[in-house]
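Please look at the sequence and the model before reading on.

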Amino acid sequence: MLRLRHALEHAGVPIRPGTDQAVLHAFERIVTETPEHTSGTLTISTLCKEAGVSRATYYRSPLAKIITGLLAAPDAPRPQTDVLTADIARLRKAERMLRSQ
């Protein structure tokens, strides 16, 4: 998600402390499947709940238009959890084998 942060900064979208930062951190937690306050479903409602902000506050943030656009795009790249889970399992197995040598 550093890519999102970098893309926002490169596009000149300021990430202000407070609401913007909370929304960005919540978005990162949900996308990386480490939510703290929600089920982890990537919706505006869960994003707001995860960030601890109201929907009205969220929509006043300059990040709202960008994130809402990402969620609305049907061809937006989504994490392929099955592939990533298989990669993690494969790497853990290789690590165990290396440690046992």
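The buried residues of α3 are covered by parts of the chain that include α2, α4 (55-60) and α5 (62-72). Buried means under 20% relative accessible area, exposed over 50%, and partly exposed in between, with a 1.4 Å probe and protein chains only. Six of the eight residues of α3 are buried, so to speak mostly covered. They are Ile-44, Thr-46, Leu-47, Cys-48, Glu-50 and Ala-51. After α3 comes Gly-52, which has a positive phi near 75°.

The model is predicted: local features need pLDDT of at least 70, side-chain atom pairs count only at pLDDT 80 or more, and totals for chains, interfaces and linings use all residues. Residues are numbered from 1 along each chain as its sequence is written, and side-chain values use heavy atoms, with hydrogens and water left out.

The protein chain contains six helices and zero strands. Helices (H or I, at least four residues) and strands (E, at least two) are DSSP runs, numbered from the N terminus. Of its 101 residues, 27% count as buried. Contact means heavy atoms within 4.5 Å. Among contacts in the chain between residues at least 6 apart in sequence, 42% join residues at least 24 apart.

Two helix pairs are set out below. Two packed helices are described by the angle between their axes and the distance between the axes. Axes are lines fitted to C-alpha atoms, for helices over the stretch in contact, and angles run from 0 to 180 degrees between N-to-C directions.

| Helix pair | Angle | Axis distance | Crossing |
|---|---|---|---|
| α2 and α3 | about 115° | 8 Å | right-handed |
| α2 and α5 | about 20° | 9 Å | left-handed |

A crossing is left-handed if the near helix is turned anticlockwise from the far one by less than a right angle, and right-handed if clockwise. The angle of α2 with α5 makes these two helices roughly parallel, a term for angles under 35 degrees.

In the second pair, Asp-20, Val-23, Leu-24 and Phe-27 of α2 meet Pro-62, Leu-63, Ile-67 and Leu-70 of α5. That contact has seven nonpolar residues, no polar ones and one charged.

Which residues have the most contacts inside the largest nonpolar core? They are Val-23, Leu-47, Val-53, Tyr-58, Leu-63 and Ile-67, in a core of 17 residues. Such a core is a set of buried Ala, Val, Leu, Ile, Met, Phe, Trp, Tyr and Cys residues joined through side-chain atoms within 4.5 Å. The elements giving two or more residues to this core are α2, α3 and α5, and α2 gives the most, with six residues. Leaving aside neighbours within four places in sequence, Ile-67 is in contact with Val-23, Phe-27, Leu-47 and Tyr-58.

The loop between α2 and α3 holds Glu-33. Its phi is near 60°, a positive value in a residue other than glycine. Glu-33 counts as exposed because its relative accessibility is 53%.

Key. Angles under 35 degrees count as roughly parallel, over 145 as roughly antiparallel, 65 to 115 as roughly perpendicular and the rest as oblique. Ala, Val, Leu, Ile, Met, Phe, Trp, Tyr, Cys and Pro count as nonpolar, Asp, Glu, Lys and Arg as charged, and the others, Gly among them, as polar.
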